[in-house]
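Open the model in a viewer and keep the selection tool at hand. The tour goes from one selection to the next and says what is found at each stop.

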Amino acid sequence: MNPKLFLAPMAGYSDTVFRQICGSCGCDETVSEMISAAALHYKDEKTAILARIEPEEPPVSLQIFGHDPSMMAEAAEILITGAYVPEKDRERFPKIIKPIGIDINMGCPVKKISGSGDGSALMQNPSLAGKIMESVADVCRKHNVRPSAKIRLGWNKNTINAPEFALMLAQSGAEQVTLHCRTKEELYTPGIHPEYLAKTAEKLRKYAPGCTLIGNGDIASCEDAQTMLNYGCDGLMIGRAALGNPWIFRQIREAAAGEPIFTPTPDDLRNMAAHMVHEIVLRKGEYAGIRESRGRAAHFCKGLPHSASLRDQLNHAESEEEFIRILMG
Ligand SMILES: Cc1cc2nc3c(=O)[nH]c(=O)nc-3n(C[C@H](O)[C@H](O)[C@H](O)COP(=O)(O)O)c2cc1C
């Protein structure tokens with residue numbers, strides 16, 4: 001079995017740098033951090049940076065959030081055609097790379113998002129969610145780009161609706177649905193409920209066989225990956241486990257093929273973290289880049305000796321040179 005392996009959208013992490021790293025470690029496809037449809041509508045310049053895809057990346061879906069069908073369709077059009085690049089940046093970034101898909105965020109549980117009717121709130125409003133899916137799918141079809149959505153099980157354990165909701169999305173034009181096997185109210189509480197993945201897979205197979213189902217939630221090892229596949233999904237999406245171990249993608253593939261599984265050495269971890277920090281600084285400048293790198297490199301430190309003191313030292317580094325010197329021991 002050779003399931004498609006995706007890097008999950010993670011705000012603050014799934015940027016071009018990390019997407020490239022995961023691509024180099026065997027990830028087939030990635031999904032960007034969520035991008036506000038309203039911010040695209042109002043031509044917010046910071047949002048343009050989130051939307052930029054670089055040539056060395058594996059195929060990327062750009063993920064949007066919002067709740068207005070026409071604004072969501074407009075966002076899809078802007079992202080697919082590259083119209084988000086501000087006038088003054090057109091010469092610097094002449095090459096617009098088309099996303100492989102537009103993904104709609106229907107799972108974010110954060111109050112700022114769901115409280116505005118976006119993200120997971122859409123699972124409580126299937127008719128609006130269907131209209132959004134239809135309007136975005138229309139734009140995607142026009143540009144030959146895959147429309148998809150990422151959902152949770154439902155709002156809470158009493159209102160689980162993922163199987164019917166996923167089918168409704170497929171009937172509204174979604175060609176792929178990713179299911180994070182938790183409810184909105186569970187946030188990230190340990191423990192997932194993959195039995196609903198099986199129910200969703202069964203429903204889609206029966207009534208919407210053209211729509212692929214991607215399983216997500218708590219995949220942290222090759223065994224977790226195999227367990228989730230056994231529930232009947234077509235592919236796997238991995239988020240947090242990749243943050244300090246982007247090699248998880250090739251490890252899953254190697255395990256499935258019965259090959260020896262690559263285990264990163266402390267030097268591999270250090271070198272990968274250093275590479276990531278350098279690439280972040282290149283794009284964000286030293287001041288912002290180093291500050292952002294502190295939290296992100298910390299994920300790689302977990303596998304290194306004296307990780308707590310290493311993280312503490314990195315938190316006080318002010319330059320790239322100092323950061324990398326501390327990291328490399
Ligand atoms: C820091 C962080 C940011 C996230 N941002 C997004 C996001 O922008 N869009 C989205 O659909 N899900 C987002 N998620 C959820 C993940 O995509 C994923 O569904 C979740 O982490 C469960 O998968 P995992 O156990 O493999 O991490 C985020 C999760 C984390 C931890």
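The model is a predicted one. Now show side chains in helix 14, residues 307–315, and pick out Ser307, Leu310 and Leu314, which are buried. These residues span an arc of only 60° around the axis, so they lie on the same side of helix 14.

How do their axes cross? To see the contact, select Glu286, Ile290, Ser293, Arg294, Ala297 and Cys301 on helix 13, then Glu320, Glu321, Phe323 and Leu327 on helix 15. Coloured by class, the residues of this contact come out as 5 nonpolar, 1 polar and 4 charged.

Stay on helix 13 and centre the view on Ala297, which belongs to this helix. Is Ala297 buried or exposed? Ala297 counts as buried because its relative accessibility is 0%. Beyond its neighbours within four places in sequence, Ala297 is in contact with Met276, Val277 and Phe323.

Move to another helix pair, helix 6 (residues 126–143) and helix 7 (residues 162–171), whose axes come within 9 Å and cross at roughly 35°. This crossing is right-handed. Which residues make the contact? Select Pro126, Ala129, Gly130 and Met133 on helix 6, and Phe165, Met168 and Leu169 on helix 7. By class, the contact of helix 6 with helix 7 holds 6 nonpolar residues, 1 polar residue and no charged ones.

For the last stop, select Thr16 in helix 1 (residues 16–24). Thr16 has a relative accessible area of 11%; the cut-off for buried is under 20%, so Thr16 is buried. Show its surroundings as well: leaving aside neighbours within four places in sequence, Thr16 is in contact with Arg52, Glu54, Glu57 and Arg283.

How values were computed. Residues numbered from 1 in each chain as written. Predicted model: local features only at pLDDT ≥ 70, side-chain atom pairs only at ≥ 80, totals over all residues. Heavy atoms only, no water. Buried < 20%, exposed > 50% of the residue type's maximum accessible area, 1.4 Å probe, protein only. Helix = DSSP H or I, 4+ residues; strand = E, 2+ residues; numbered from the N terminus. Arc of directions from axis to C-beta. Axes fitted to C-alpha atoms, helices over the stretch in contact; angles between N-to-C directions. Left-handed = near helix turned anticlockwise from the far one by under 90°. Contact = heavy atoms within 4.5 Å. Nonpolar A, V, L, I, M, F, W, Y, C, P; charged D, E, K, R; others polar.
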